[in-house]
Amino acid sequence: MSRIIVVSNRLPSPRSSAGGLAVALTDCLSATGGVWIGTSEDIATEPGQRLRPLDETESLFVKMGFDLTRQEHENYYLGYSNSVLWPVFHGRADLMDYREEYDISYHALNARLAAMIAGLLRPGDLLWVQDYHFLPLAAELRRLGVSNAIGLFLHIPFPDTNDLQVIPDHVELLRALLDYDLIGLQTQRDVNAFLGSCRTCAGAELMIDGSVSAFGKRTAVASFPIGIDTEGFALEASRTLPPRHVEDPERQHLIIGVDRLDYSKGLPQRFLAYERLLETHPELAGRVSFLQIAPPTRSGLRAYSEIRAELERLAGCINGAHADIDWTPLRYIHRALPREQLGSLYRRARVGLVTPLADGMNLVAKEYVAAQDPENPGVLVLSRFAGAAEQMTEALLVNPHDRGAVAQAIHRALRMPLGERRARHASLMRKLLEEDITWWSTTYLKRLRDTVWHRKIVTAQ
Ligand code: ADQ
């Protein structure tokens with residue numbers, strides 16, 4: 001059987017948020033004796049030229065790491081990946097900080113990684129590349145003569161053409177993407193955006209089977225909405241007791257938000273919507289409490305320290321204006337929580353607030369629903385701009401920029417009759433169970449195999 005080789009920025013660890021991904025891929029990788037490649041946590045003084053096998057307690061697949069130098073961390077990771085691609089792909093071209101040294105480092109890292117991977121590949125191996133850190137990886141591998149099947153899954157949204165064109169070398173990025181056999185995106189919206197950009201920027205031809213042809217190459221493109229380990233998450237949430245100090249549900253309704261601290265997650269807008277709720281519904285004073293958990297990421301980038309300062313200021317203002325001796329309306333926790341605590345907190349919360357301004361999928365929306373007690377479930381208030389909104393139509397869908405509408409949706413969620421809550425939860429859950437993380441990985445890999453099979457037949461004819 002052919003091995004599966006996964007490449008991702010981070011390697012899976014029980015602590016990392018790649019949790020669901022690791023669950024899904026462990027089975028496929030173990031069955032094929034596969035390899036998972038990612039950056040190690042060490043900083044090297046010289047760019048390494050070899051992949052290093054890591055830690056390997058009794059895992060059935062091999063984890064291999066490559067070290068970044070401090071300069072690569074600055075220029076490739078914080079620079080091109082997170083100051084160019086991340087903001088632009090999330091519709092924040094205004095935050096792009098493009099520098100030539102970032103661009104050079106990004107391409108050099110991908111070329112170096114390609115050379116390391118090429119030395120490891122056997123005929124028949126399938127390569128599955130994860131996310132925006134490695135857009136040119138397939139092109140670099142093809143340059144080295146690698147003809148194995150290579151697929152990409154992009155976890156973040158694909159930008160509209162106008163945004164994409166802000167990146168100086170966007171045509172080169174598109175040209176490189178066409179070296180993948182299959183490009184998987186989160187939503188149909190992303191597929192349309194990608195095809196639109198290929199047409200506008202590269203005069204690409206769209207084929208009847210959904211593939212795209214440009215630069216003399218052809219790539220299959222489709223959406224594969226990522227899921228979670230729905231059953232496992234639901235079971236764990238029902239078994240774990242909520243942490244102490246969470247208020248009595250009879251007295252106070254809990255509203256919860258859980259996000260990495262990122263400007264794409266719409267946190268200031270969310271805080272202001274909550275404030276609007278308190279202003280327009282004074283009878284809720286002392287009866288609701290909003291808990292926002294937002295661990296830091298990518299510290300070192302200005303956009304991230306700015307959003308942190310803004311949230312701290314807003315939280316202070318809202319509590320200053322509305323708190324009472326025995327009531328804190330908003331609690332804001334700036335660190336990660338253990339996953340098992342997260343599940344029981346979700347279950348305890350009457351409202352899940354997931355209101356990003358742009359998001360590839362958003363797994364918190366799915367985890368919140370999976371964690372609910374089906375007999376007495378809470379209600380999900382979900383941004384239409386999260387990829388999850390394409391599937392989760394029974395949530396209360398909102399425009400996160402519209403404070404009044406979000407406040408109204410929270411109010412509606414708090415007052416929603418039990419029958420309606422159960423019905424909405426049941427249909428959301430049906431889909432989450434059907435299209436879970438295992439469905440996602442098997443569907444993607446099947447499509448990748450079929451694509452390559454089809455290519456072989458066409459070439460043979
Ligand atoms: P992220 O932007 O990281 O992922 P998301 O999908 O919400 O966003 O996943 C975050 C994960 O981290 C969730 O599993 C959540 O439980 C966990 N997490 C967040 N805050 C936490 C905390 N305080 N403590 C513990 N755990 C916490 C990217 C894309 C998304 C896409 C995913 C998967 O940006 O759009 O859904 O990849 O494809």
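**Exercise 1.** How many bridges join β7 to strand β10 (residues 217–223), and in which sense do the two strands run?

Solution. The model under study is a predicted one.
- Step 1. Between β7 and β10 there are four bridges, and the two strands run parallel. In this pairing, Leu182 stands opposite Ala220 in β10.
- Step 2. Strand β6 (residues 149–153) is also joined to β7, by three bridges and again in parallel. Here Leu152 stands opposite Ile183 in β7.
- Step 3. The two faces of strand β7 (residues 182–185) are both covered. Leu182 and Gly184 lie on one side, Ile183 and Leu185 on the other, and all of them are buried.

**Exercise 2.** Determine the strand order of the open sheet formed by six strands, and identify its edge strands.

Solution. 
- Step 1. The order is β13-β12-β11-β14-β15-β16, and the pairing is parallel.
- Step 2. The edges are β13 (330–333) and β16 (396–398), each of which pairs on one side only.
- Step 3. From one strand to the next, the twist averages 20°.
- Step 4. Helix α13 (residues 403–415) packs on this sheet. The helix touches β11 (253–258), β12, β14 (351–354), β15 (379–383) and β16, and its direction makes about 170° with that of β16.

**Exercise 3.** Follow the chain from β11 through β12 to β13, and state the handedness of each crossover.

Solution. 
- Step 1. Six bridges pair β11 with β12 in the parallel sense. Val258 stands opposite Ile293 in β12.
- Step 2. Helix α9 (residues 267–280) carries the chain from β11 to β12, in a right-handed β-α-β crossover.
- Step 3. Strand β12 (residues 288–293) pairs with β13 in the parallel sense over four bridges. Within this pairing, Leu291 stands opposite Arg331.
- Step 4. Helix α10 (residues 302–322) leads the chain from β12 to β13, and this β-α-β crossover is right-handed.

**Exercise 4.** Which residues touch the most other members of the largest nonpolar core?

Solution. 
- Step 1. The core holds 134 residues, and Ala365, Leu380, Val381 and Leu382 touch the most other members.
- Step 2. Helix α2 (residues 70–89) gives the most to this core, namely eight residues.
- Step 3. Leaving aside residues up to four places away in sequence, Ala365 touches Val354, Leu380, Leu382, Ala386, Ala388 and Met392.
- Step 4. In soluble globular proteins, nonpolar side chains tend to be buried together.

**Exercise 5.** Compare the radius of gyration of the chain with that of a compact globule.

Solution. 
- Step 1. For 461 residues, a compact globule would have a radius of gyration near 23 Å.
- Step 2. The chain has 23 Å, which agrees. The C-alpha trace spans about 70 × 45 × 40 Å along its principal axes.
- Step 3. Of the 461 residues, 46% count as buried.
- Step 4. The chain contains 15 helices and 16 strands.

Notes: Residues are numbered from 1 along each chain as its sequence is written. This is a predicted model: local features need pLDDT of at least 70, side-chain atom pairs count only at pLDDT 80 or more; totals for chains, interfaces and linings use all residues. A nonpolar core is a set of buried Ala, Val, Leu, Ile, Met, Phe, Trp, Tyr and Cys residues joined through C-beta atoms within 7 Å. A residue is buried if 20 or more other C-beta atoms lie within 10 Å of its own, exposed if 12 or fewer, and partly exposed in between; C-beta atoms are placed from the backbone. Two residues are in contact if their C-beta atoms, placed from the backbone, lie within 7 Å. The radius of gyration is taken over C-alpha atoms; the globule rule is 2.2 Å times the number of residues to the power 0.38. Two strands pair if DSSP finds at least two bridges between them. Axes are lines fitted to C-alpha atoms, for helices over the stretch in contact, and angles run from 0 to 180 degrees between N-to-C directions. A crossover is right-handed if, with the strands pointing away from the viewer, the path from the first strand over the helix to the second runs clockwise.
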